[in-house]
Amino acid sequence: MTTALFTHPDAERHITPPGHAEQVARQAAVLDALADLPLDRREAPRADEVEILRCHPQSYLDRIRGAIPDEGWQMLDADTHLSPGSLDAALRGAGGAVAAVDAVLAGEVANAFVAMRPPGHHAERETPMGFCIFGNAAIAAMRALDHHGLDRVAVLDFDVHHGNGTQALLWDERRAFFASSHQMPLYPGTGAAGERGAHGQMVNVPLRPGTDGAAGQAAWRDILARCRDFAPQLVIVSAGFDAHAADPLAQLNWDDDDFAAITRMICDMAADLSAPVVSCLEGGYDLDALGRSARAHVQVLLEAQE
Ligand SMILES: [Zn+2]
């Protein structure tokens with residue numbers, strides 16, 4: 001078995017206005033960095049409506065579909081835009097995550113990385129925000145719970161921004177553990193330690209600006225001890241690489257090796273629990289740091305399945 005890479009060229013058809021941090025070039029930065037790795041390369045399919053509707057109402061999907069412009073951009077909020085290709089890109093982001101869950105649970109691959117954009121962890125039930133359209137990680141978790149019948153799934157989010165969307169989508173879901181480390185104060189402003197989910201199944205670890213990688217790793221050691229107690233049967237990672245010191249949107253001081261170390265801790269826990277890992281790309285806005293960090297992350301996924 002190996003590590004699957006789910007992606008699709010439609011990721012580059014989601015086009016943001018000039019100067020936008022969540023730019024088309026992010027996709028090539030990630031894929032180029034993974035180009036020589038021995039991955040099982042697979043197409044990210046468009047998610048079926050039923051997958052989206054596990055997390056978002058029909059009215060929301062219809063609204064997004066109706067807002068797709070014939071040319072140029074449609075602004076959904078101050079920093080979230082739709083271009084003519086955005087629906088296909090977003091559907092393949094969610095669909096790639098669903099397909100990755102299916103592939104690891106079928107035992108076809110040991111683990112998987114979904115390299116698509118736009119990211120997903122800020123999208124709430126009826127609110128696109130923070131560059132995100134659909135809640136890919138939550139949609140993947142609900143696929144595992146409601147379609148595959150798993151009892152316990154964990155979503156682990158080390159993006160520098162709080163995964164408010166994933167948290168909102170899974171808040172009432174006692175079968176889903178959610179944990180996020182994130183800089184605070186920072187967009188979107190949620191993620192205080194007191195936010196614990198309707199069943200106490202959520203862990204939020206806000207980090208001060210300037211927090212270094214050693215402190216980040218320590219935070220994840222604590223989070224994973226809690227996660228281990230939950231005993232997930234599947235681990236979904238919201239892999240944002242914007243806690244990197246080079247990132248222009250935040251002020252944490254992690255480096256490539258910190259992402260590798262945290263990924264290794266996640267994979268070690270998952271291996272002990274015989275839980276496969278599905279990782280979905282979220283943020284990361286310095287192109288060089290994004291590529292190097294994503295590569296470090298995926299290399300650990302590859303080592304983990306050997
Ligand atoms: Zn982020």
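Contact, as I use the word in this notebook, means heavy atoms within 4.5 Å. My helices (H or I, at least four residues) and strands (E, at least two) are DSSP runs, numbered from the N terminus.

**Before I start.** I am looking at a predicted model, where local features need pLDDT of at least 70, side-chain atom pairs count only at pLDDT 80 or more, and totals for chains, interfaces and linings use all residues. Residues are numbered from 1 along each chain as its sequence is written, and side-chain values use heavy atoms, with hydrogens and water left out.

**Entry 1: α4 and α5.** I looked up which residues of α4 meet α5. On the α4 side I found Ala90, Gly93, Ala94, Ala97, Val98, Val101, Asp102 and Leu105, and they meet Asn136, Ile139, Ala140, Arg143 and Ala144 in α5. I sorted this contact by class and got 9 nonpolar, 2 polar and 2 charged residues. For the sorting, Ala, Val, Leu, Ile, Met, Phe, Trp, Tyr, Cys and Pro count as nonpolar, Asp, Glu, Lys and Arg as charged, and the others, Gly among them, as polar. Helix α4 covers residues 86-105 and helix α5 residues 136-147; they pack at an angle of about 35 degrees with their axes 9 Å apart. My axes are lines fitted to C-alpha atoms, for helices over the stretch in contact, and angles run from 0 to 180 degrees between N-to-C directions.

**Entry 2: α1 and α9.** Next I took helix α1 (residues 25-33) and helix α9 (residues 287-304), whose axes come within 8 Å and cross at roughly 40 degrees. That angle makes α1 oblique to α9 (under 35 degrees is roughly parallel, over 145 roughly antiparallel, 65 to 115 roughly perpendicular, and the rest oblique). This crossing is right-handed. Ala25, Arg26, Ala29, Val30 and Ala33 of α1 touch Leu287, Leu290, Gly291, Ala294 and Arg295 of α9. By class, I have 7 nonpolar, 1 polar and 2 charged residues here.

**Entry 3: α8 and α9.** How do the axes of α8 and α9 cross? They come within 8 Å at roughly 30 degrees, so I can call α8 and α9 roughly parallel. Asp256, Phe259, Ala260, Thr263, Arg264 and Cys267 of α8 make the contact with Arg292, Ser293, Ala296, His297, Val300, Leu301, Glu303 and Ala304 of α9. The classes come to 7 nonpolar, 3 polar and 4 charged.

**Entry 4: His244.** Is His244 buried or exposed? I found His244 in the loop between β9 (234-239) and α8 (256-272), and it is buried, with a relative accessible area of 5%. Buried means under 20% relative accessible area, exposed over 50%, and partly exposed in between (1.4 Å probe, protein chains only). Leaving aside neighbours within four places in sequence, His244 has contacts that include Trp254, Phe259, Arg292 and Ser293.

**Entry 5: cysteines.** How many disulfides are there? I counted 0 disulfides, taking a disulfide as a pair of cysteine sulfur atoms within 2.5 Å. Cys227 is in none, and the nearest cysteine sulfur to it, that of Cys267, is 12 Å away. Cys227 is buried at 0%. The sulfur of Cys280 is too far for a bond, because the closest cysteine sulfur, in Cys132, is 12 Å away. Cys280 is buried too, at 4% relative accessibility.

**Entry 6: Glu71.** Last, I visited the loop between α3 (58-67) and β3 (74-77), where Glu71 lies. Glu71 counts as exposed because its relative accessibility is 67%. Between Glu71 and Ser279 I noted 208 residues in sequence and 32 Å in space, C-alpha to C-alpha.

Methods
Left-handed = near helix turned anticlockwise from the far one by under 90°.
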